[in-house]
Amino acid sequence: LATRCFALKASQRRTMSFHRAMAKYFAGRTQQTTPHIIKYCQPQENQLQAFRRQVLAPAWFAVFKGPMEKWEYMRSVATMRNYGIMADDATNCRNHIFERAMELLPEDIKTHRYRRAMRACEFSIRKTHLPIEEQNYDPMIPYMAPYVEEAKFQLQEEQELLGFHLWDRKLYTGGTSGFGERSMYHTLLSW
């Protein structure tokens, strides 16, 4: 390597830096070798893997996983019917997308949502449930879906126009904290 670097002409040695000489040496060296062609192929599975894929996985789903997921779904539907709430009522409303969707809700849907939540709290406190006659509804209907999609679109548009990201929020500016609090002496900001 050193002999090749010093074997350059005297005029080239004066004007060429050490790093450029090294780059020329390695570039010339890689061009001399033939490129290695990588052949992509599907990994061959052995008999144990084939047995697991063809026999064990379908049996596991048919005997355990499928019935367990169905039982969990039916249990959550029965619980929501007992308390008279919808699936969207039980979602976390502290998510920034869901907060924006709550702002987009019409007043009547907000009122229905609030009354369902208060009724569910009342049933929970009294250890009772909704009468059977009133449990004939589907709690899995996503009534918030169009508002959530609109909120996603609005937030994406704002981020593109303003170059704003959630991690860019300042701790306290303009009367509102980065956590959405309007008090400077809130618990999250006081430590």
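The legends below describe close-up views of a predicted model. Local features require pLDDT of at least 70 and side-chain atom pairs pLDDT 80 or more, while totals for chains, interfaces and linings use all residues. Residues are numbered from 1 along each chain as its sequence is written, and side-chain values use heavy atoms, with hydrogens and water left out.

**View 1. The protein chain comprises eight helices and two strands.** Helices (H or I, at least four residues) and strands (E, at least two) are DSSP runs numbered from the N terminus. Along the sequence the elements follow the order α-α-α-α-α-α-α-β-β-α. Of the 191 residues in the chain, 18% are buried; buried stands for under 20% relative accessible area, exposed for over 50%, and partly exposed for values in between (1.4 Å probe, protein chains only). Among contacts (heavy atoms within 4.5 Å) with a separation of 6 or more, 62% join residues 24 or more positions apart.

**View 2. Helix H5 (residues 96–104) packs with helix H7 (residues 145–162).** Two packed helices are described by the angle between their axes and the distance between the axes. Here the angle is about 115 degrees and the axes are 8 Å apart, which makes H5 roughly perpendicular to H7. Axes are lines fitted to C-alpha atoms, for helices over the stretch in contact, and angles run from 0 to 180 degrees between N-to-C directions. Angles under 35 degrees count as roughly parallel, over 145 as roughly antiparallel, 65 to 115 as roughly perpendicular, and the rest as oblique.

**View 3. Residues of H5 and H7 meet in the contact between the two helices.** H5 contributes His96, Ile97, Phe98, Arg100, Ala101 and Leu104. From H7 come Tyr147, Val148, Glu150, Ala151, Lys152, Gln154, Leu155 and Glu158. By class the contact has eight nonpolar, two polar and four charged residues. Ala, Val, Leu, Ile, Met, Phe, Trp, Tyr, Cys and Pro count as nonpolar, Asp, Glu, Lys and Arg as charged, and the others, Gly among them, as polar. Glutamate 103 also belongs to H5 and is exposed, at 58% relative accessible area. Its C-alpha atom is 9.0 Å from that of alanine 151, a residue 48 positions away along the chain.

**View 4. Methionine 144 sits in the loop between H6 and H7.** Methionine 144 counts as buried because its relative accessibility is 1%. Apart from neighbours within four places in sequence, methionine 144 contacts Asp88, Phe98, Ala101, Met102 and Leu105. Methionine 102 is 42 residues away in sequence, with a C-alpha to C-alpha distance of 8.5 Å to methionine 144.

**View 5. Lysine 127 has a positive phi of about 55 degrees.** Most residues other than glycine have a negative phi. Lysine 127 lies in the loop between helix H6 (107–126) and H7. With a relative accessible area of 74%, lysine 127 is exposed.

**View 6. Phenylalanine 61 is located in helix H4 (residues 47–83).** Its relative accessible area of 47% makes phenylalanine 61 partly exposed. Leaving out neighbours within four places in sequence, phenylalanine 61 is in contact with Gly66, Pro67 and Glu69.
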